[in-house]
Amino acid sequence: MSTQPKQFTIHEDWTVVILGFIIIGISLFIFLPEVPVFKWTNGTDLISDVFNFGNLKILGIQFLYLISIGAFGAFLIGKSVKYFLLVFPIVYILTVIALVIAGNAEAKALNLEAVIFSLIIGLTIGNFFKLPEWFRSALSTEVFVKIGLVLLGTSVIFSDILKAGSLGLIQALVVVLSVWYFAFWLCRKLKVDDELTMMISSAVSICGVSAAIATSGAIKGDSKKLSYVISIVLVTAIPMMIFMPMIAKYFNFPEEVTGAWLGGSIDTSGAVVASGTLVGETALKISTIVKFSQNVLLGLAAFAISVYWTYTHNNTIEANESKPTLSVIWERFPKFVIGFILASIVFSFFITSEVRDSVKDSLKNLQGIWFALAFTSIGLETNFKDLLQNNSRKPLYAFLIAQFFNVIVTLVIAFLLFGK
């Protein structure tokens, strides 16, 4: 009897580390992809700036670059490269549409990020059209997300955080620990399921979307539940971004306090920058540093969560064993976190500031496009109606209550540490 040779594959997390560092290496030593233009105000700008030949050429090169990286990833993981090549162009086109919409001046004035439109477009198509199973199975949501997270590490520069002194780090640590535990306790009281509990707790306390994604990877969570949490994070960030600066101005909070409050409370980095800009330069600087300080904790949090999850939800050991072994913990540990940490270390200590500045915009663009591709994919594979029916409104209530707690606690800590 003949046997089929075993197909060569690499674990998904190691694959995204490899792909992330291939992208970083290409950007540093071989080819620095140009950043496409998506900014426009009216139809004339749209045609002359976004849809001109030069910008379309940049988008075409970016498409070939991304599909090559993605196809290589599909091969390493053992997924169908053929189906990936069929599906990716559709996902890319939908994502570019989202980026174009987000580039409109009115959308920018409202500080609506591209990922919001990516998710909406994906959810609309995924919920109103029946997609074939092979199409859904070819979506590489986890790969796209984790590549984006590895690239996110290049922007977490330890020297920038230390410039703010110990206060930003102290606030980040106190807020993350207190808010995470409160959210976790609250979700348990409301009987929210374990996966959503972990995602909600991390999203509220650390850094919103990125924390929810990292937590989902650490616990190998359901992508539909991740979509639910991301939707809540993005929707709630908008009113917070608008009203918190107004509250700070009304009560005449010092800019240092306001910046620390915004950076520690608002969940998405883009919304933090936007809200800080509304207050002033000092508030913008402090809010950004505090948010960066929380981002640094992302890798440590993902590691701690993966260990906790392995101990409390381990199904791979015998029933008579009370604790998983170190090998089981290592098996469950999200390896992409190593890529995030290594990227941060490399760009913090081994890359000069001149080189960092030269590649910063390109890497940030690539990070953003991978996240946007992921959110489009999440929407395409998610039936939002079923998700809401299955989870009721308790997760939403838990998130909103925990976010209110976060806002109050962070304000108190900001006054204690930054008030004069």
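Lys 225 and Glu 195 are both buried, and in this predicted model their side chains meet in a salt bridge with an N to O distance of 4.0 Å. The pair links distant parts of the chain, since Lys 225 belongs to helix 13 and Glu 195 to helix 11, 30 residues apart. Lys 225 has a relative accessibility of 17%, and this value lies under the 20% limit below which a residue counts as buried.

Lys 225 also forms a salt bridge with Asp 193, where the closest N and O atoms are 3.4 Å apart. Here too distant parts of the chain are linked, because Asp 193 sits in the loop between helix 10 (166-189) and helix 11 (194-207), while Lys 225 is in helix 13, 32 residues apart. Asp 193, at 26% relative accessibility, counts as partly exposed.

## Salt bridges

The count of salt bridges comes to four. One of them joins Lys 146 to Glu 12, with the closest N and O atoms 3.0 Å apart. Lys 146 lies in helix 8 (residues 141-152) and Glu 12 in helix 1 (residues 12-30), so this pair ties together parts that are 134 residues apart in sequence. Salt bridges that share partners join Glu 12, Asp 13 and Lys 146 into one network.

| Pair | N to O distance |
|---|---|
| Lys 146 and Glu 12 | 3.0 Å |
| Asp 193 and Lys 225 | 3.4 Å |
| Lys 225 and Glu 195 | 4.0 Å |

## The chain as a whole

The chain contains 21 helices and zero strands. Of its 420 residues, 54% count as buried. Among contacts with a separation of 6 or more, 79% are between residues 24 or more positions apart. The accessible surface of the chain comes to about 19500 Å², and 67% of that surface belongs to carbon and sulfur atoms.

## Nonpolar cores and an enclosed helix

The largest nonpolar core has 110 residues, and those with the most contacts inside it are Ile 23, Leu 149, Ile 213, Ile 230, Trp 370, Leu 373 and Phe 375. Apart from this core lies another, of 18 residues, among them Met 240, Met 244, Phe 253 and Ala 414. Which residues does Ile 230 contact, leaving aside its neighbours within four places in sequence? Ile 230 is in contact with Leu 119, Val 209, Ile 213, Phe 375 and Ile 378.

Helix 14 (residues 255-265) is largely enclosed by the rest of the structure, because nine of its 11 residues are buried. The buried residues of helix 14 include Val 257, Thr 258, Trp 261 and Leu 262, together with Gly 259, Gly 263 and Gly 264.

## Nonpolar residues at the surface

Some nonpolar side chains are found at the surface instead: Ile 242, Phe 243, Met 246, Ile 247, Tyr 250 and Phe 251 form a nonpolar patch there, with about 670 Å² of accessible area together. Ile 242 is found in helix 13 (residues 223-250), and at 36% relative accessibility Ile 242 counts as partly exposed.

Ile 401, which has its place in helix 21 (residues 394-418), is likewise partly exposed, at 40% relative accessibility. Not counting residues up to four places away in sequence, Ile 401 touches Phe 182 and Leu 186. The C-alpha atoms of Ile 401 and Phe 182 are separated by 9.7 Å, although the two residues are 219 residues apart along the chain.

## Confidence in the model

The pLDDT of the chain averages 83, and 85% of the residues score at least 70. Where does the pLDDT stay under 50 while the model has zero contacts beyond four places in sequence? This is the case over residues 1-6. The pLDDT also stays under 50 over residues 316-321, for which the model has five contacts beyond four places in sequence.

Note on methods:
Residues numbered from 1 in each chain as written. Predicted model: local features only at pLDDT ≥ 70, side-chain atom pairs only at ≥ 80, totals over all residues. Heavy atoms only, no water. pLDDT = per-residue confidence, 0-100. Contact = heavy atoms within 4.5 Å. Core = buried A, V, L, I, M, F, W, Y, C linked by side-chain atoms within 4.5 Å. Buried < 20%, exposed > 50% of the residue type's maximum accessible area, 1.4 Å probe, protein only. Helix = DSSP H or I, 4+ residues; strand = E, 2+ residues; numbered from the N terminus. Areas by Shrake-Rupley, 256 points an atom, 1.4 Å probe, with all protein chains shown as cover. Patch = residues over 30% accessible without salt bridge, like charges linked within 9 Å, V, L, I, M, F, W, Y side chains within 5 Å.
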